[in-house]
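Please look at the model shown here before reading on.

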Amino acid sequence: MAAHGCNYSALLLIICSVSVFIVADSQDTTLSGGHHAAAVEDNPQAATEAAGKTSEQPAVEERSWEATEVEEATLHEAAGDKQDTPAPETEAPSPVPQPKDDFQEELVIRPLHSGDIYASFQFRTLWETDFMSGNKVSHYRLFPKSLGQVISKFSVRELHISFTQGYWRTMQWGQPFQPAPPGAELWVWFQDSVTDVDGTWKELTNVLSGIFCASLNFIDSTNTVQPSASFKPLGIGNVTDHRFLRYATLPREIVCTENLTPWKKLLPCGSKAGLTVLLKSEKLFHSSFHSQAVHIRPVCQDWQCKTTSWELRQTLNVVFDLHTSGQGKREWSLFKMFSRTLTEACPLASSSKIYIDITDDPQGELFELSPATPLLSQAMVLGDRRTFSVYDLMQPVTFGTVRSLNPLIRWKSSEGDMLRPLLHAERYVAGYGLQTGEIHTLMYNNHPYRSFPVLLLDTVPWYLRLYIHTLTVTSKGKDNKPSYIHYQPSKDRLRPHLLEMLVQLPPNSVTEVTVQFERALLKWTEYTPDPNHGFYVGSSVISSLVPSIVAMDTNITMDRPLFSSFFPCKEESSFFVRVYTEPLLVNLPTPDFSMPYNVICLTCTVVAVGYGSLYNLLTRSFQIEEPSPGLAKRLANIIRRMRGVPPL
């Protein structure tokens with residue numbers, strides 16, 4: 001019986017194997033026939049040629065599949081043919097076109113009259129996709145996935161974040177391409193679909209803190225404001241509801257290598273090829289000024305703005321000081337600045353260029369540039385038409401026979417004056433003692449005959465209690481009444497002061513804004529570990545449309561450099577400028593934190609002496625002990641024992 005069972009099981013196993021083989025063979029035949037039918041429907045001519053070749057060469061050849069466009073006539077004919085035949089139950093999914101993306105990189109070098117040199121890196125990634133439709137985007141190529149998920153999850157319309165070490169000296173260096181305050185700055189526009197903006201803002205700051213290895217998790221309601229007129233969207237969209245805008249700064253944030261490394265990882269080529277090989281941390285941080293930023297916004301794809309794209313712009317600005325660099329002569333090169341030279345462009349970049357500003361020295365009298373390049377470009381930068389020598393890294397001729405590019409700038413003369421910036425601002429704290437004080441903000445209009453309005457934004461922590469009735473605005477010794485004032489008072493330990501004003505600056509004048517304040521007393525747990533160092537107050541922000549020196553070109557269809565297309569320009573007679581003042585360092589009434597230690601020591605001593613003595617008296621047991629006999633008596637007792645006499 002057992003033998004019959006084994007034979008029966010073996011027979012079933014053979015039958016199942018044969019059936020599986022037959023079914024698999026039929027499925028392979030069906031699938032190959034289905035692919036062949038789809039190929040015939042997409043490209044009938046190719047199918048006819050393939051049929052002829054099949055009759056001649058029966059061997060199977062591998063085919064390279066390419067996406068083809070189907071004309072409308074073909075679609076109508078296919079629809080007419082399908083009307084006679086019943087529709088199948090399931091249709092093959094149509095291929096989804098992948099979104100287009102583009103990556104560009106450039107480096108702008110501007111020699112400064114002080115002998116320093118200003119280097120500005122710009123990396124822009126454009127992606128034709130829609131994060132706002134609610135569809136989940138799963139395929140990423142050049143756009144970093146971490147930031148794409150942040151935009152989708154938190155419904156971000158615009159995101160601007162910067163980390164800066166040092167202060168930009170406007171009167172010595174001119175206006176920067178991308179201004180930023182010292183420390184960390186973050187401002188975000190959310191979509192109107194966000195219901196809890198404050199909760200989303202809190203989650204977003206914690207996520208960005210992990211992405212950039214920064215202290216953005218310290219951003220809370222005490223240093224977050226909601227401006228009413230400043231920080232308009234830089235991308236497309238008519239967003240006027242400032243309920244979806246949040247702005248915060250951390251003026252004490254220290255920028256170091258741990259912030260630069262995640263910033264470089266967001267680039268398509270990382271730090272392996274292209275301009276990113278120059279980003280060497282030990283050179284970048286050994287400079288007078290260093291600022292890195294990330295800007296995300298929706299932009300128009302064409303001049304008619306029928307399609308939109310998401311723009312990720314990563315910028316890095318650095319100023320190398322002639323004296324701190326240890327160089328004995330006024331000479332700069334890529335190798336001296338970054339300890340690297342360029343050998344190739346980023347393989348994923350569609351454009352890779354180096355611009356060297358030669359506007360102040362068109363004849364080569366002040367400095368010499370080598371190797372010389374015949375490519376010249378003119379661009380409108382901050383209201384002035386600048387001339388640049390261009391090195392196109394996409395052209396192999398740029399690297400020469402040595403396959404290395406190392407532009408050299410050698411100064412011949414130190415003569416020449418820098419054109420003063422038209423708008424400049426300063427701020428300082430006045431007063432004496434630790435009870436009251438004054439905040440002075442100075443705004444300079446260096447235009448000889450034009451006046452223009454500026455929008456001033458001041459954010460003051462809650463522990464500096466402002467007296468708004470003492471607010472004064474003076475220009476040339478006369479009162480200058482602001483045309484718009486928005487003030488939001490602070491709440492202790494909840495929110496800071498917010499002051500916005502629209503002030504008209506007369507030509508060739510200095511406008512001073514003064515307000516008095518009183519210092520508050522903090523709880524002992526609210527002091528920093530180094531309270532005697534002081535408490536930081538964020539920079540003032542001044543935004544304005546400054547009159548241009550020359551006529552500007554607002555044609556957005558022309559191919560412009562990246563550094564000249566950050567701020568949108570809609571007027572030919574003015575250009576947008578944003579200026580940051582210095583952060584303030586204010587001393588608060590600080591208790592002597594050594595006194596608690598002294599009190600603790602004294603208290604412990606008193607308790608130890610008093611309580612210890614009382615405890616000994618209450619718990620110690622006393623016993624009467626007879627005094628020990630003297631030496632003579634002990635000798636006498638020894639003699640008496642020897643004689644057999646009882647001891648004394």
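A disulfide is here a pair of cysteine sulfur atoms within 2.5 Å, and Cys269 and Cys346 form one, with S to S 1.8 Å. This is a predicted model, in which local features need pLDDT of at least 70 and side-chain atom pairs count only at pLDDT 80 or more, while totals for chains, interfaces and linings use all residues. Residues are numbered from 1 along each chain as its sequence is written, and side-chain values use heavy atoms, with hydrogens and water left out.

**The protein as a whole**

- The secondary structure comes to 11 helices and 26 strands, where helices (H or I, at least four residues) and strands (E, at least two) are DSSP runs numbered from the N terminus.
- Of the 648 residues in the protein, 43% are buried; buried means under 20% relative accessible area, exposed means over 50%, and partly exposed lies in between, with a 1.4 Å probe and protein chains only.
- The accessible surface comes to about 36,400 Å², and 56% of it belongs to carbon and sulfur atoms; such areas come from the Shrake-Rupley method with a 1.4 Å probe, and for residues only the protein chains shown count as cover.
- Among contacts between residues at least 6 apart in sequence, 76% join residues at least 24 apart, a contact being heavy atoms within 4.5 Å.

**The disulfide and other cysteines**

- A disulfide is a covalent bond between the sulfur atoms of two cysteines.
- A search of the whole structure finds one disulfide, and the link of Cys269 and Cys346 is right-handed, with 70° about the S-S bond.
- Because Cys269 lies in the loop between helix H7 (257–265) and helix H8 (281–284), and Cys346 in the loop between helix H9 (334–338) and strand S10 (351–357), the pair ties together parts that are 77 residues apart in sequence.
- Both Cys269 and Cys346 are buried.
- The sulfur of Cys256 is too far from the closest cysteine sulfur for a bond, because that sulfur, in Cys213, is 9.0 Å away; Cys256 counts as partly exposed, at 28% relative accessibility.
- Cys601 is in no disulfide, since the nearest cysteine sulfur, that of Cys604, is 6.9 Å away, and Cys601 is partly exposed, with a relative accessible area of 33%.

**The sheet of 11 strands**

- Strands of a sheet pair through backbone hydrogen bonds, either parallel or antiparallel.
- An open sheet of 11 strands has mixed pairing and the order S5-S6-S4-S3-S7-S8-S2-S1-S10-S13-S12, where two strands pair if DSSP finds at least two bridges between them.
- Strand S5 (224–225) and strand S12 (376–381) are the edge strands, each of which pairs on one side only.
- Strand S4 (residues 183–190) and strand S6 (residues 245–250) run antiparallel and are joined by six bridges, and Trp187 stands opposite Tyr247 in S6.
- Helix H7 packs on the sheet, where it touches strand S2 (117–127), strand S7 (289–300) and strand S8 (308–320), and its direction makes about 30° with that of S7; for such angles, axes are lines fitted to C-alpha atoms, for helices over the stretch in contact, and angles run from 0 to 180 degrees between N-to-C directions.
- Six of the seven residues of S10 are buried, so S10 is largely enclosed by the rest of the structure.
- Strand S1 (residues 101–111) pairs with S10 in the parallel sense over six bridges, and the bridge partner of Glu105 in S10 is Ser352.
- S10 also pairs with strand S13 (residues 384–392), in the antiparallel sense and over five bridges, where the bridge partner of Ile356 in S13 is Ser389.

- Strand S17 (residues 452–460) is largely enclosed by the rest of the structure, because eight of its nine residues are buried.
- Nine bridges join S17 to strand S21 (residues 497–505), the two running antiparallel, and Asp458 stands opposite Leu499 in S21.
- S17 pairs with S24 in the antiparallel sense over four bridges, and Leu456 stands opposite Ile542 in S24.
- Ser544 lies in strand S24 (residues 541–547) and counts as buried, at 4% relative accessibility.
- The side chain of Ser544 reaches the backbone oxygen of Pro453 at 2.8 Å.
- Not counting residues up to four places away in sequence, Ser544 touches Leu423, Phe452, Pro453, Val454, Phe575, Phe576 and Val577.

Methods. A polar contact is a pair of N or O atoms within 3.5 Å; within protein, one must be able to donate a hydrogen and the other to accept it, and residues adjacent in sequence count only if both atoms are side-chain atoms.
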